[in-house]
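Open your viewer and get the selection tool ready. We will take this protein one stop at a time.

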Amino acid sequence: MNTQDGILKIAEALEMTGVGAYNGAAREISDKTYLGVAGSIVAVEARHTAIVRALINPNGNPVPKSFEEVTKPQDVLNIPIVASSGAR
């Protein structure tokens, strides 16, 4: 984390964790208003991920997959970058 590249890699991991977490939580949200808000947030997180990827590799594809990962809510805290943050 002492270099720009290191910081960008961590930023990418955090943004991807956010996308996966919101995608995974969506099935648990029954209120359509909250589901709409979560959908809006995940869209922003996905854009953040694409921007960070473009900074990491300007010649690469910032959106390499059509669909992002879905992370179950109980699995989010087991993701290494989240677990090491002390977020529990």
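Here is a short tour, from the whole chain down to single residues.

**Before you start**

This is a predicted model: local features need pLDDT of at least 70, side-chain atom pairs count only at pLDDT 80 or more, and totals for chains, interfaces and linings use all residues. Residues are numbered from 1 along each chain as its sequence is written, and side-chain values use heavy atoms, with hydrogens and water left out.

**Stop 1: the whole protein**

Select everything and colour by secondary structure. The protein has four helices and zero strands. Along the sequence, the pattern reads α-α-α-α. Helices (H or I, at least four residues) and strands (E, at least two) are DSSP runs, numbered from the N terminus.

How many of the 88 residues count as buried? The share is 23%. Buried means under 20% relative accessible area, exposed means over 50%, and partly exposed lies in between (1.4 Å probe, protein chains only).

Next, think about contacts, meaning heavy atoms within 4.5 Å. Take the contacts with a separation of 6 or more: residues 24 or more positions apart account for 64% of them.

**Stop 2: helices α1 and α2**

Select residues 4-26 for α1 and residues 32-56 for α2. Two packed helices are described by the angle between their axes and the distance between the axes. The axes of α1 and α2 come within 9 Å and cross at roughly 155°. Axes are lines fitted to C-alpha atoms, for helices over the stretch in contact, and angles run from 0 to 180 degrees between N-to-C directions.

α1 and α2 are therefore roughly antiparallel to each other. The cut-offs are these: under 35 degrees is roughly parallel, over 145 roughly antiparallel, 65 to 115 roughly perpendicular, and the rest oblique.

The crossing of α1 and α2 is left-handed. That term applies if the near helix is turned anticlockwise from the far one by less than a right angle; clockwise makes it right-handed.

Show side chains where the two helices meet. From α1, pick residues including Leu8, Met16 and Val19; from α2, pick residues including Leu35, Ile41 and Val52. The contact of α1 with α2 has 14 nonpolar, three polar and six charged residues. Here Ala, Val, Leu, Ile, Met, Phe, Trp, Tyr, Cys and Pro count as nonpolar, Asp, Glu, Lys and Arg as charged, and the others, Gly among them, as polar.

**Stop 3**

Is Glu12 buried or exposed? Glu12 counts as buried because its relative accessibility is 16%. Leaving aside neighbours within four places in sequence, Glu12 is in contact with Val52, Arg53 and Ile56.

Now select Tyr22, also found in α1. At 32% relative accessibility, Tyr22 counts as partly exposed. Not counting residues up to four places away in sequence, Tyr22 touches Ala38, Ile41 and Val42. Check Ile41: its C-alpha atom is 7.9 Å from that of Tyr22, and the two are 19 residues apart along the chain.

**Stop 4: Ala50**

Move to α2 and select Ala50. Ala50 counts as buried, at 16% relative accessibility. Beyond its neighbours within four places in sequence, Ala50 is in contact with Pro62 and Val63. Ala50 and Met16 are 34 residues apart along the chain, with their C-alpha atoms separated by 9.6 Å.

**Stop 5: the loop between α3 and α4**

Find α3 (73-76) and α4 (80-83), then select Leu77 in the loop between them. Leu77 is partly exposed, with a relative accessible area of 33%. Leu77 and Ala21 are 56 residues apart in sequence, yet 9.8 Å apart in space, C-alpha to C-alpha.

Last, select Ile79, in the loop between α3 and α4. Ile79 is partly exposed at 21%. Ile79 touches Thr17 and Thr71, not counting residues up to four places away in sequence. From Ile79 to Thr17 is 62 residues in sequence and 7.9 Å in space, C-alpha to C-alpha.
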